[in-house]
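Dear colleague,

I am passing on the structure we spoke of, and below it I have set out what was found in it. Please read the notes with the structure open beside them.

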Amino acid sequence: MSVSSSLIVSRLRAAGCVFAEDEARLLMCTARTPDELEAMVGRRAAGLPLEQVLGWAEFCGLRITVTPGVFVPRRRTEFLVRQAAALARPGDVIVDLCCGAGAIAAGLAAAVDQAEVHAADIDPAAVCCARRNLPGPRGHVYLGDLYEPLPAGLRGRVGVLVANVPYVPTDEMGFLPPEARAHEPRAALDGGTDGLDMLRRVAAGATGWLAPGGHLLIETSERQAPSAQAAFAASGLTARVASSDDLDATVVIGRFRLSV
Ligand SMILES: C[S@@+](CC[C@H](N)C(=O)[O-])C[C@H]1O[C@@H](n2cnc3c(N)ncnc32)[C@H](O)[C@@H]1O
């Protein structure tokens with residue numbers, strides 16, 4: 001290790017970065033000039049999430065562009081992508097609501113042959129990232145509140161609807177790591193009193209958009225899963241829960257009945 005890299009490791013370690021060596025390596029590979037490296041180390045030492053400093057997050061083997069102030073895709077959400085990809089059929093219409101930087105949408109666009117992928121978020125900065133991560137012609141990104149910006153022509157045609165909505169109960173926001181509290185928008189995290197406000201809204205609207213036999217998948221916590229499952233059932237979906245111990249991930253999966 002060179003003197004400069006060991007200095008960077010020391011600065012990162014002093015700032016509380018647990019994986020200082022790995023982070024130093026990533027920062028040194030990404031910076032194009034010594035000045036840029038110095039600025040990046042400074043931002044990371046000041047507490048910005050590593051991914052926002054690098055400008056990208058690794059997700060499902062892809063490099064997802066993430067700019068400062070945008071929610072950083074979590075590795076646990078790869079489980080949602082895997083579950084959705086297993087249910088999707090080639091050529092399906094896929095919708096990712098609350099898409100953030102568009103990581104889930106991009107993962108599904110890569111995993112599902114010929115998929116037509118639509119994604120939407122209410123945060124303009126997130127939508128900018130999603131447009132870079134989900135290029136056309138098969139990717140479409142919209143700005144607005146949940147279903148509101150989607151083209152009406154998608155109604156009744158969606159094979160797979162996915163959402164990683166904000167799901168932290170308001171009272172538990174204070175327990176989040178400082179990185180998240182200080183550098184990710186509150187609207188990306190706070191899910192209301194029991195954390196399920198947004199999940200209920202998405203579930204309530206789903207049958208207006210799903211094709212018969214289509215699926216809705218939403219990430220939750222293990223504790224929230226029974227209430228989330230009940231919200232799916234109340235919205236006319238047959239629901240089950242899938243979980244991964246490895247990724248500490250829980251997903252509620254609903255199916256819109258086939259017409260009789
Ligand atoms: C937990 S983050 C998930 C982002 C992305 N799906 C991911 O997994 O990386 C939740 C996202 O929901 C978005 N959001 C919050 N309220 C919304 C609303 N009413 N309509 C659309 N998006 C919303 C936030 O801007 C944020 O990007």
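**The ligand and its surroundings**

The ligand is surrounded by 20 residues, of which Cys98, Asp121, Asp145, Leu146 and Asn164 are the closest; please keep in mind throughout that this is a predicted model. Sorted by class, the shell around the ligand is made up of twelve nonpolar, four polar and four charged residues.

A polar backbone atom of Cys98 lies 2.7 Å from a nitrogen atom of the ligand, while in Asp121 a polar side-chain atom is 2.7 Å from an oxygen atom of the ligand. For Asp145, an N or O atom of the side chain is 2.7 Å from a nitrogen atom of the ligand. On its own the ligand has 590 Å² of accessible area, and the protein covers 95% of it.

**The second largest pocket**

The second largest pocket holds about 260 Å³ of space. It is lined by 13 residues, and those closest to its centre are Cys17, Val18, Glu23, Arg44 and Glu179. Two or more residues of this lining come from each of α2 (20-30) and α3 (34-45), and α2 gives the most, with three residues. By class, the lining of the second largest pocket divides into seven nonpolar, two polar and four charged residues.

**The aromatic pair**

The count of aromatic pairs comes to one. Its members are Tyr147 and Trp209, whose ring centres are 5.8 Å apart and whose planes meet at 10°, and because planes under 30 degrees apart count as stacked, the pair is a stacked one. Tyr147 belongs to the loop between β5 (139-143) and β6 (158-163), and Trp209 to the loop between α9 (197-206) and β7 (210-220), so the pair ties together parts that lie 62 residues apart in sequence.

With best regards

Definitions and conventions:
Residues are numbered from 1 along each chain as its sequence is written. This is a predicted model: local features need pLDDT of at least 70, side-chain atom pairs count only at pLDDT 80 or more; totals for chains, interfaces and linings use all residues. Side-chain values use heavy atoms; hydrogens and water are left out. A residue is near a molecule or strand if one of its heavy atoms lies within 4 Å of it. A polar contact is a pair of N or O atoms within 3.5 Å; within protein, one must be able to donate a hydrogen and the other to accept it, and residues adjacent in sequence count only if both atoms are side-chain atoms. Accessible areas come from the Shrake-Rupley method with a 1.4 Å probe; for residues, only the protein chains shown count as cover. Ala, Val, Leu, Ile, Met, Phe, Trp, Tyr, Cys and Pro count as nonpolar, Asp, Glu, Lys and Arg as charged, and the others, Gly among them, as polar. On a 1 Å grid over the protein atoms alone, a cavity is a set of points where a 1.4 Å probe fits but cannot get out, and a pocket is an open set with protein on both sides within 12 Å along at least five of seven lines; lining residues have an atom within 4 Å of a point. Grid points are joined across faces, edges and corners, and a volume is the space filled by probe spheres set on the points. Helices (H or I, at least four residues) and strands (E, at least two) are DSSP runs, numbered from the N terminus. Rings of Phe, Tyr and Trp (its six-membered ring) pair if their centres lie within 6.5 Å; planes under 30 degrees apart count as stacked, over 60 as edge-to-face and the rest as tilted.
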